[in-house]
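Open your viewer and keep the sequence panel beside it. This tour tells you what to select at each stop and what you will find there.

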Amino acid sequence: MFLRLACVVACACACARGECGEAHAQLTVATLRNASGHWEARVRLYQEAAPPARLQPLLVDVRLASSLCGPLRSHLLTVTLSGPPLVPPGYTELSGLGFYRLYEETITWPEAKSACEAEGAHLLVLNSEAEATAIQKLIQRHPSVTPWIHIGFHDKIKEGHYVTIFGETLTEAGYTRWDAGQPDNLGNEDCGSINAKTVGLNDLNCATHKFAFICEQNFR
Ligand SMILES: [Ca+2]
Ligand SMILES: [Ca+2]
Ligand SMILES: [Ca+2]
């Protein structure tokens, strides 16, 4: 089959905090006709050399859309390169998990949720024991933070039905270890937190309890 590449589009972006434009890699596309008369497109990736600790897997998504343009068939090739963003200011990269920032400022759960979202992050959602262990080490660098830390789950929609800020149950999210005696809904507690020492889950009052909080930015 003879292919005539009428249009080739390539885009590369390393997204930082949801904004594309900080390119740290370049894709080039070359078209040529091989010895048997077929048209070929070759995609070459140039990437900034990075220290080994910064190397992360890159995702390359290639899509081909074909359409008829009069007597010609047009093939639109879209190549999208996705890589992890740079570490945002104030955040700590926990290898393979994402970027995290613990704010010692004590505010309510809704205020904490808004504060994370305002900088392109979200309140911490624990997805595994491994993540909880990494967070526990992060908290240990802030010994004054006690006893609770706001994180991203609640039972505001239905009492006793705990979901993350993304609507998953705790089981679906991957972390269900409650702190001793919790949840107790003491005085109507619907907002999620963790014990700063044990990382066990707890419910707090959304309107009155003011504590530190952790924001998270996922790699993807
Ligand atoms: Ca997480
Ligand atoms: Ca509750
Ligand atoms: Ca509680």
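Begin by selecting helix H1 (residues 109–118) together with its surroundings: the buried residues of H1 pack against strands S7 (98–107), S8 (122–123), S9 (148–154), S11, S12 and S13 (211–218). Helices (H or I, at least four residues) and strands (E, at least two) are DSSP runs numbered from the N terminus, and a contact means two C-beta atoms, placed from the backbone, within 7 Å.

Before going further, a word on what you are viewing. This is a predicted model, where local features need pLDDT of at least 70 and side-chain atom pairs count only at pLDDT 80 or more, while totals for chains, interfaces and linings use all residues. Residues are numbered from 1 along each chain as its sequence is written, and chains are lettered from A and ligands numbered from 1 in the order in which they are written.

**Stop 1**

Which residues of H1 are buried? Select Trp 109, Ala 112, Lys 113 and Cys 116. A residue is buried if 20 or more other C-beta atoms, placed from the backbone, lie within 10 Å of its own, exposed if 12 or fewer, and partly exposed in between. Look down the axis of H1: its buried residues fall within an arc of 100° (taken from the directions from the axis to the C-beta atoms), so they line one face of the helix. Now turn to the other side of H1, where Ser 114 and Ala 118 are exposed. Just after H1, click on Gly 120, which has a positive phi of about 80°.

**Stop 2**

Next, select residues 191–195, strand S11, which pairs with S12 in the antiparallel sense over four bridges (pairing takes at least two DSSP bridges). Ile 194 has Leu 201 in S12 as its bridge partner. Five residues separate the two strands of this hairpin, and in the turn Val 199 has a positive phi of about 65°. Both faces of S12 (residues 201–204) are covered, with Leu 201 and Asp 203 buried on one side and Asn 202 and Leu 204 on the other.

**Stop 3: Thr 80**

Move to Thr 80 in strand S5 (residues 72–82). Thr 80 counts as partly exposed because it has 15 C-beta neighbours inside 10 Å.

**Last stop: the whole chain**

Zoom out to see three helices and 13 strands. Of the 220 residues, 25% count as buried. Colour by pLDDT, the predictor's confidence in each residue from 0 to 100: the mean is 83, and 79% of residues reach 70 or more. Over residues 1–23 the pLDDT is below 50. Where pLDDT is low, the predicted coordinates should not be read in detail.
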